Amino acid sequence: MPDYTLYYWPIPFRGQFVRAVLAETGAEWREAGAEATSALLHAAPEDQPVPHMGPPVLEDHAAGFVLAEMPAIMGYLGRRHGLMPEAPDRAALTDKIVADANDVLDEMTRAGGAQMWTPAAWAEYRPRLARWMRIFEETGMRHGLTDGAGHMLGTEAPGLADLATATLWGTMTRQLPPLRPLLEGTAPALAALSDRIAARPAQAALRAWSDREFGDSWCGGEIEESLRAVL
Ligand SMILES: N[C@@H](CCC(=O)N[C@@H](CS)C(=O)NCC(=O)O)C(=O)O
């Protein structure tokens, strides 16, 4: 019996944040797969193990607990596996960084593909994406992230904030290489942190597995096609 079951699509997008934390903790998890994820999402709220609108959904088998909403799952795993700073202000900043990352995912997919990217819409959005990069960079620099060393919140070891940050910017720019120069030019310390976290053995193994399973996809669907077209 694995420690966890993850309900998510076969893409390295929102659910990849959960995978990154599970991998880092050494937990064993099972991927429920697209069919089970779809069945869960379309079930009536009364019949869902946790009432939710969209995946990721994580089942913790030992605790008999099921949770939805990526930032909530991250906070749960962070607290359960000692990746969340104990000081309330640092813990709150960690939650804030994860929530910011989730906002960026929504913006990059124009709210889950509600609208497709057009060259004009992308040109208008690009400065905002750069601003998000600066927001993460500035947050890290205020707490001791310096180019080539340090962590987002100045912790000794990488924490949830580092995993979320690296999963956002590292995965996005690896799957969509035209965005890498923007990251390096706008937020060099963030690019370096993403690389350092990605090089950790557990994250490198996750990436190798993801590449095999998901190829070069990122957010998937028609919205990814439109994103690649404008890039
Ligand atoms: N706020 C939710 C958003 C979940 C979400 O948008 N999931 C996407 C996949 S990344 C989905 O498949 N949604 C289906 C739907 O909303 O109908 C979270 O952070 O987990």
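Helices here are DSSP runs of H or I with at least four residues, strands are runs of E with at least two, and both are numbered from the N terminus. Keep in mind that this is a predicted model, where local features need pLDDT of at least 70, side-chain atom pairs count only at pLDDT 80 or more, and totals for chains, interfaces and linings use all residues. Residues are numbered from 1 along each chain as its sequence is written, and side-chain values use heavy atoms, with hydrogens and water left out.

Most residues other than glycine have a negative phi, and most peptide bonds are trans. Ala-111, in helix 5 (residues 110-113), has a positive phi near 60°. Ala-111 is also exposed, with a relative accessible area of 55%; exposed means over 50%, buried under 20% and partly exposed in between, using a 1.4 Å probe and protein chains only. Glu-69 has a positive phi too, near 75°, and sits in the loop between strand 4 and helix 3 (70-80). Then there's the cis peptide bond between Pro-55 and Pro-56, with omega about 15°. You'll find Pro-56 in the loop between helix 2 (34-42) and strand 3.

Strand 3 (residues 57-60) pairs with strand 4 (residues 65-68) in the antiparallel sense over four bridges; for strands to pair, DSSP must find at least two bridges between them. Leu-58 has Leu-67 of strand 4 as its bridge partner. Four residues lie between the strands of this hairpin, and Gly-64 takes a positive phi near 60°.

On to the rings. The whole structure holds eight aromatic pairs. Rings of Phe, Tyr and Trp (its six-membered ring) pair if their centres lie within 6.5 Å, with planes under 30 degrees apart counted as stacked, over 60 as edge-to-face and the rest as tilted. Phe-13 and Trp-218 have ring centres 4.9 Å apart and planes at 90°, so they are edge-to-face. That pair links parts of the chain 205 residues apart, and both Phe-13 and Trp-218 are buried.

Phe-136 and Trp-169 are edge-to-face as well, because their centres are 5.5 Å apart and their planes at 80°. Here the link runs from helix 6 (residues 119-142) to helix 7 (residues 160-175).

Trp-169 turns up again where helix 7 meets helix 9, in a contact that also includes Leu-163 of helix 7 and Leu-193 of helix 9; contact means heavy atoms within 4.5 Å.
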